[in-house]
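Here is a set of questions and answers for someone meeting this structure for the first time. Please look over the sequence and the model before reading on.

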Amino acid sequence: MTEQQPVAVLGGGSFGTAIANLLAQNGQHVRQWMRDPEQAAAMRSQRENPRYLKGIKLHPGVEPVTDLAATLAACELVFVALPSSALRQALQPVAGALAGKLLVSTTKGIEAQSFKLMSQILEEVAPQARIGVLSGPNLAREVAEQALTATVIASEDEQLCLRVQEALHGRTFRVYASRDRFGVELGGALKNVYAIIAGMAVAMGMGENTKSMLITRALAEMTRFAVKLGANPMTFLGLAGVGDLIVTCSSPKSRNYQVGFALGEGLSLEDAVARLGEVAEGVNTIKVLKAKAEELQIYMPLVTGLHAILFEGRTLAQVIEALMRAEPKTDVDFISTSGF
Ligand SMILES: NC(=O)C1=CN([C@@H]2O[C@H](COP(=O)(O)OP(=O)(O)OC[C@H]3O[C@@H](n4cnc5c(N)ncnc54)[C@H](OP(=O)(O)O)[C@@H]3O)[C@@H](O)[C@H]2O)C=CC1
Ligand SMILES: O=C(CO)COP(=O)(O)O
């Protein structure tokens with residue numbers, strides 16, 4: 001009998017650990033790569049990731065490792081769960097080992113200088129790899145606690161989608177497929193910005209009407225932006241669009257929401273990020289998104305407002321006043337004008 005090939009997960013954080021456990025629960029042998037040998041040793045002996053996912057048992061099928069080249073040599077299917085700020089620099093040195101691999105990005109961010117999404121960086125670093133994106137309403141802790149969850153694997157490569165569905169789909173985790181890689185990936189990156197705003201609103205004691213208005217107008221705004229860049233608006237009605245927007249804007253377990261909440265309590269951005277001690281991708285995304293919206297002249301009042309508070313010295317009260325006084329627009333941008 002031939003031995004089953006292991007699956008790689010790159011990243012020792014909360015999502016990498018949650019995905020590694022899921023794969024192992026489905027009977028895969030998993031090599032979870034992380035850069036810190038002390039962390040790997042601790043995870044091997046304690047069978048837990050005490051820094052990023054305390055209280056969750058590491059499945060016996062997960063092997064924490066630190067040799068990236070050896071991990072890539074052994075695995076064809078590779079999940080990338082690194083922060084957006086680290087993905088290129090971590091993979092560039094091993095670019096030669098990525099040819100022919102199935103690379104699946106789970107990272108929900110945008111590269112600062114280039115405005116590239118993570119799968120676009122993977123394509124650049126590894127032009128001969130097969131590329132996909134996994135995104136959806138997937139809070140790491142809930143995934144790890146085996147809460148019933150659904151996600152999307154998006155790729156033009158149908159065989160890759162099937163392979164990922166086979167590896168991840170299980171009793172508690174449903175994996176849907178999509179061909180709109182760009183839309184799915186953009187949804188995951190953009191919603192983080194609105195989660196910061198939602199966290200702020202909750203900290204300020206705003207009511208349910210306000211939260212609902214925020215989420216719905218956020219969806220309108222991110223869809224408008226994505227369509228201008230060529231994505232399919234229908235993707236934003238799916239799990240990786242409105243699904244992820246709802247969970248991230250509603251849950252105190254979201255790190256972006258937590259940053260927003262801390263800001264709403266009066267902390268500075270620096271202190272809010274330091275208090276979190278984990279990745280909140282929305283903090284970087286807001287900067288590049290504001291610049292891109294300006295460049296392309298896309299109307300994004302929530303992005304403009306958050307940017308003004310974080311980086312232009314405006315107060316929350318000033319921004320709320322401006323948002324509420326702005327001229328009302330149409331409710332839904334993409335309704336056919338022929339019928340109603
Ligand atoms: N957590 C979640 O609920 C979800 C997260 N995601 C996405 O997954 C991505 C990863 O997030 P998550 O796991 O939550 O992050 P965490 O903050 O939990 O962990 C970040 C991990 O990345 C590692 N890291 C940082 N810089 C580097 C580098 N240069 N080289 C190698 N490793 C590095 C850290 O290692 P070290 O400790 O050594 O610094 C740590 O293991 C993000 O883009 C996020 O949006 C997607 C869905 C859900
Ligand atoms: O993407 C996520 C849930 O789908 C996790 O969001 P945070 O990064 O804000 O924790």
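This is a predicted model: local features need pLDDT of at least 70, side-chain atom pairs count only at pLDDT 80 or more; totals for chains, interfaces and linings use all residues.

Q: Is K108 buried or exposed?
A: K108 lies in the loop between β7 (102-105) and α5 (118-125). A residue counts as buried if 20 or more other C-beta atoms lie within 10 Å of its own. Because K108 has 30 C-beta neighbours inside 10 Å, its class is buried.

Q: Leaving aside neighbours within four places in sequence, with which residues is K108 in contact?
A: Contact here requires C-beta atoms within 7 Å of each other. Once the neighbours within four places in sequence are left aside, the contacts of K108 are S135, G188, A189, N192 and E281.

Q: Which element gives the most residues to the shell around ligand 1?
A: Of the 27 residues around ligand 1, those that come nearest are G12, G13, A86, K108 and A140. The elements giving two or more residues to this shell are α1 (14-25) and α4 (84-91). With four residues, the element that gives the most is α4.

Q: How many charged residues does the shell around ligand 1 have?
A: The shell draws at least three residues from each of domain 1 (7-179) and domain 2 (183-325). By class, it has 11 nonpolar and 11 polar residues, while the number of charged residues is five.

Q: What is the distance between the end C-alpha atoms of residues 7-160?
A: UniProt, in an unreviewed entry, lists residues 7-160 as "domain: Glycerol-3-phosphate dehydrogenase NAD-dependent N-terminal". In the model this span is 34% helix and 25% strand, and its end C-alpha atoms lie apart by 14 Å.

Q: Which residue of β4 is the bridge partner of N49?
A: Strand β3 (residues 48-49) and strand β4 (residues 53-57) run antiparallel and are joined by two bridges. A hairpin of three residues leads from β3 to β4. In β4, the bridge partner of N49 is L53.

Technical notes:
Residues are numbered from 1 along each chain as its sequence is written. Chains are lettered from A and ligands numbered from 1 in the order in which they are written. UniProt positions are given in the numbering used here, feature names are shortened, and annotations may be inferred rather than shown by experiment. Two strands pair if DSSP finds at least two bridges between them. A residue is near a molecule or strand if its C-beta atom, placed from the backbone, lies within 6 Å of it. Ala, Val, Leu, Ile, Met, Phe, Trp, Tyr, Cys and Pro count as nonpolar, Asp, Glu, Lys and Arg as charged, and the others, Gly among them, as polar. Domain bounds come from an automatic or database domain assignment. A residue is buried if 20 or more other C-beta atoms lie within 10 Å of its own, exposed if 12 or fewer, and partly exposed in between; C-beta atoms are placed from the backbone. Two residues are in contact if their C-beta atoms, placed from the backbone, lie within 7 Å.
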